[in-house]
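Have a look at the model, then read on.

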Amino acid sequence: MHQLQETVMKSAGFSSAVSHYEEALTQYFPGSRTSRDFVDYSLRTLSPFGFQPNNAMVCASVCRDELTRPFINNIHEVWGRLFNFSSLAGMLYLGVTGFKAAHHHAPNSEGTERYVYFAFPHIAIDENGVPGNCRRPGRHEMSHACGALLNVLQDLSEGSVGLELNQDDLEQSLLKQRLFRKLRDGEIPDLVTLTKIAHSVIREDLERMIQLTVDSSAVPYAVFTGIQIHGPGNRTWIWASAPYVVAEGARENLPH
Ligand SMILES: [Zn+2]
């Protein structure tokens, strides 16, 4: 068996209890909705706060994987513009310089800028409800997502715990550094758990970068984070985690 396939199967040790994609989606990511529904909701829920496609800059981070493209396309269709924050696994490595660049491109003809952030790591779930498995058009064998997170799991299972920054593998070594810090000694999570840990790291990083680059008393912004799920038939679902908007310095949780 291919090594990556083995890692997927191990990480899905409970898969026999889940026979179908829908059951798995409900079990692991309750309340998920389709990608387009979610993006439509983001605009609908922000409209009362003055956000519109012609006055807001959308900043989005997803994994580099081509499977994430439909979600990015949905965001672009609905919001009209998008600054790409993406790295492997959806991590935010662009730093203060990248955030400031996006902000400096935002429309400001109404006297204020507005930012909408989307940050979503991803996972596949196949027709049998197995997390990590997916089928890619044009490829015979079962494929996997997120490959970067599965590589971290493989390193963990092999006891490969070196955390040096690899100049020839910058994003993956940074990912490993950030995730390993969140795990207890000897802990090897399943893929769903690791994806949720990646989400927490990304949300923390996003909020730290916002703190460093946004004057929240003057600039309204909104935060949407969660997990993108690739299901059978290349359909994309979105599980959202506690979205919120900050307007006039006050934070308000958004219904979802
Ligand atoms: Zn990925």
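**Loops, helices and what they pack against**

D215 sits in the loop that joins α8 and β8; helices (H or I, at least four residues) and strands (E, at least two) are DSSP runs, numbered from the N terminus. This is a predicted model, in which local features need pLDDT of at least 70, side-chain atom pairs count only at pLDDT 80 or more, and totals for chains, interfaces and linings use all residues. Residues are numbered from 1 along each chain as its sequence is written.

- D215 counts as exposed because it has 9 C-beta neighbours inside 10 Å; a residue is buried if 20 or more other C-beta atoms lie within 10 Å of its own, exposed if 12 or fewer, and partly exposed in between, with C-beta atoms placed from the backbone.
- From D215 to S42 the C-alpha to C-alpha separation is 22 Å, and the two are 173 residues apart in sequence.
- G233 belongs to the loop between β8 and β9, and it counts as exposed because it has 8 C-beta neighbours inside 10 Å.

**Helix α3**

- Helix α3 covers residues 35-46, 12 residues in total, and reaches 17 Å from its first C-alpha to its last. That is close to the 16 Å expected at 1.5 Å a residue, where the expected span is 1.5 Å times one less than the number of residues.
- S35, F38, V39, S42 and L46 are the buried residues in α3.
- Those buried residues fall within an arc of 100 degrees seen down the axis of α3, so they line one face of the helix; the arc is that of the directions from the helix axis to the C-beta atoms.
- Elements packing against the buried residues of α3 include β1 (33-34), α4 (69-79) and β8 (221-230).

**Helices α6 and α7**

- Helix α6 (residues 147-157) packs on helix α7 (residues 170-180) at an angle of about 60 degrees, with axes 10 Å apart. Axes are lines fitted to C-alpha atoms, for helices over the stretch in contact, and angles run from 0 to 180 degrees between N-to-C directions.
- A148, N151, V152 and D155 of α6 meet Q172, L175, K176 and L179 of α7, contact being C-beta atoms, placed from the backbone, within 7 Å.
- L175, K176, R178 and L179 are the buried residues of α7, and their cover includes α6 and α8 (191-213).

Notes: Two residues are in contact if their C-beta atoms, placed from the backbone, lie within 7 Å.
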